[in-house]
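Please read the following report alongside the sequence and the model.

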Amino acid sequence: MARALELAERALGLSSPNPAVGAVLVKDGRIVGEGWTQPPGQAHAEIVALEQAGEAAAGATMYVTLEPCCHFGRTPPCTDALIRARVRAVHMAIIDPNPLVAGGGRRQLDKAGIRTVLGEYEREAQRLNEGYFKFITRGLPFVAAKWAMTLDGKIATRTGSSFWVTGEAARARVARLRALSDAILVGVGTVLADDPQLTVRPESFPPPLRQQVEAVARRQPLRVVLDSQARTPPTARLVSGELPGQTLVLVTERAPAGRRAALEATAAEVLVVPDLDGRVHPSVALRLLAERRGVTSVLVEAGGTLVATLLEARLVDKVYAFLAPKLVGGAAAPTPVEGTGCPEMGQAVSLRDVTTERLGDDVLVAGYLPAAPDDGPDGLAVASHTAPKATGA
């Protein structure tokens, strides 16, 4: 199963909105077939492994990181293929929460006389597909907020200078996070201040960092700008059409018609969404990304105001904080989380399952936020919501 998890990682960033799955077929103590989920519309991990094994699949044991699908989508059920191949047993790490599967795959295999085993490396399998699991069960993407800050908690100087807070190793790690995410989310303030590209650019790194980024840079994430008043300049790189991938700008009805028309004339797609206190409604925006675009994971690279808004709405699932051993100072220098903040230290949000990683001279601290309720505190989550479903690639 450990090998199957390694294979599943190769599908991250490629298989969405379907889960990233790895499968290994073992017979007489040796691996006879293995595979991972191909892009949507192509073979699932189990099928790749079966095709590689050929006749050797008969009597073999499969180790797979997620319950095999048992329904027709864009591809036939994997359970049917396993039964036809006459595998002896299937070890699955975790049940697929998709209502189209949800234990049905295991039951079908059991009924066909194939022994099933559940629960090996379950926690690791859950973490690997945390975006897919939230997408399926709550109709929202998994949201990770990322920032780079100095030792005294600044993301830029008082004049707005922010290139570069961290070194190349940390920036390569950010590129990897981007490549494994379905979408990158920023506010218009970041666009105005930095004119960012928000792309995965392996060529911008020296070897061997370039190789690390190239290993996952197989497609560009969707770039999403929250811009209630349509202030994104038509000359911004994000909307120029000169970058790989696509840009989506979310505005509100309050956006002036002229500025909105100017944006619509660029290479970006512009959508009007509901507002909350005059700004793009964050939970509705995330729901839209899941339902209309099949986005299962979002990396937030915004300034302190938007990050604070998302945290206060309990829409952030994980934090990646890159810490550089630098001191900037200045009361006016921006910090990664603005807003009103907690009045008492006892009310501070404590991360769980915290990890640390050394990246050159920098340190990455990552951790999960406490679980949020199904609906945001504003009560404006889409009332008629039906959880989107991955349809079997």
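The sections below take these topics in turn.

## Basis of the model

This is a predicted model, in which local features need pLDDT of at least 70 and side-chain atom pairs count only at pLDDT 80 or more, while totals for chains, interfaces and linings use all residues. Residues are numbered from 1 along each chain as its sequence is written, and side-chain values use heavy atoms, with hydrogens and water left out.

## Nonpolar cores

A nonpolar core is here a set of buried Ala, Val, Leu, Ile, Met, Phe, Trp, Tyr and Cys residues joined through side-chain atoms within 4.5 Å; buried means under 20% relative accessible area, exposed over 50%, and partly exposed in between, with a 1.4 Å probe and protein chains only. The largest such core has 39 residues, and those with the most contacts inside it are Leu25, Leu50, Met62, Val64, Leu82, Val87 and Val90. At least two of its residues come from each of several elements, including helix H1 (2–9), strand E1 (22–27), strand E3 (61–64) and helix H6 (130–138), where helices (H or I, at least four residues) and strands (E, at least two) are DSSP runs numbered from the N terminus. The largest share, five residues, is supplied by H2.

With contact taken as heavy atoms within 4.5 Å, and leaving aside residues up to four places away in sequence, Val90 touches Met62, Val64, Pro68, Leu82, Leu109, Ile114, Arg115, Thr116 and Val117. A second, separate core of 33 residues includes Val224, Leu248, Leu315 and Ala321.

## A loop residue

Arg201 lies in the loop between helix H8 (188–194) and helix H9 (209–214), and is partly exposed, with a relative accessible area of 23%. Its C-alpha is 9.6 Å from that of Ala179, the two residues being 22 apart in sequence.

## Aromatic pairs

Rings of Phe, Tyr and Trp (its six-membered ring) pair if their centres lie within 6.5 Å, with planes under 30 degrees apart counted as stacked, over 60 as edge-to-face and the rest as tilted. A search of the whole structure finds three aromatic pairs. In one of them, the ring centres of Phe142 and Tyr368 are 6.4 Å apart and the planes stand at 65°, so the pair is edge-to-face. This pair links distant parts of the chain, with Phe142 in strand E6 and Tyr368 in strand E16, 226 residues apart. Phe142 is buried at 11% relative accessibility, and Tyr368 is buried at 7%.

The rings of Phe163 and Trp164 have centres 4.9 Å apart and planes at 75°, so this pair is edge-to-face. Phe163 is exposed, with a relative accessible area of 54%.
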